[in-house]
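Here's a quick tour for anyone meeting this protein for the first time. Take a look at the model, then read on.

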Amino acid sequence: RFLEMLVIATGTRRALEIGTANGYSALWLARSLPPDGEIFTMELDPERAELARGHFQEAGLAERVSVIVGDAARMTHKVAGPFDLIFNDGDKLQYEPLLDRLVSLLRPGGVLVTDNVLWDGEVVPGLVTPPRREPADTAAIAAYNRRLAGDDRLATSFLPLRDGLAVSVRRKTS
């Protein structure tokens, strides 16, 4: 519902999602778009992409959603911005390497939403012992959070919703 609210509040017409999985988040985005709106969603796993396509078809939203199969590090260079909203929920090791490209695809005033930034609390050293998550992913998310918090192109808030969301607005002067 939070994604739905953001789409409505920002007047989003074009959205990009990194990490389709079964299509759950993309469904919330797509159903909230205006009739001429569109979402591009990227998924590395072809089987999951096919599952998501089926969900979009069942929901009557397939015409609004383009599923791109492949590595987001490559595929983000095959789409053209600007996007009004980008939802980043893909490979955690790619969060930081993708940041510059995602900001470049975002329109000034557009919103970047990043999922899982709290990582069950594991991004706080010593909070969860023993750690249950992959240490490389945890370190990558913590590094991304630090970079995001200090990025002058963005105004960012970290929200403790579910497993943590970072909501960043691209400054109009960046």
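## How the elements run

Starting at the N terminus, the elements follow the order α-β-α-β-α-β-α-β-α-β-α-β-β. That gives six helices and seven strands, where helices (H or I, at least four residues) and strands (E, at least two) are DSSP runs numbered from the N terminus. The radius of gyration is 16 Å, close to the 16 Å that the globule rule gives for 174 residues, so the protein is as compact as a globular protein of that length. That radius is taken over C-alpha atoms, and the rule is 2.2 Å times the number of residues to the power 0.38.

This is a predicted model: local features need pLDDT of at least 70, side-chain atom pairs count only at pLDDT 80 or more, and totals for chains, interfaces and linings use all residues. Residues are numbered from 1 along each chain as its sequence is written, and side-chain values use heavy atoms, with hydrogens and water left out.

## Inside the fold

Of the 174 residues, 49% count as buried, meaning under 20% relative accessible area with a 1.4 Å probe, protein chains only. As for contacts (heavy atoms within 4.5 Å), residues 24 or more positions apart make up 65% of those with a separation of 6 or more.

## A look at H6

Helix H6 covers residues 135-149. Its buried residues include Asp 137, Ile 141, Tyr 144 and Leu 148. Among the elements covering the buried part of H6 are helix H5 (95-105) and strands S4 (83-88) and S5 (106-115).

Conventions. Expected span 1.5 Å × (residues − 1). Buried < 20%, exposed > 50% of the residue type's maximum accessible area, 1.4 Å probe, protein only.
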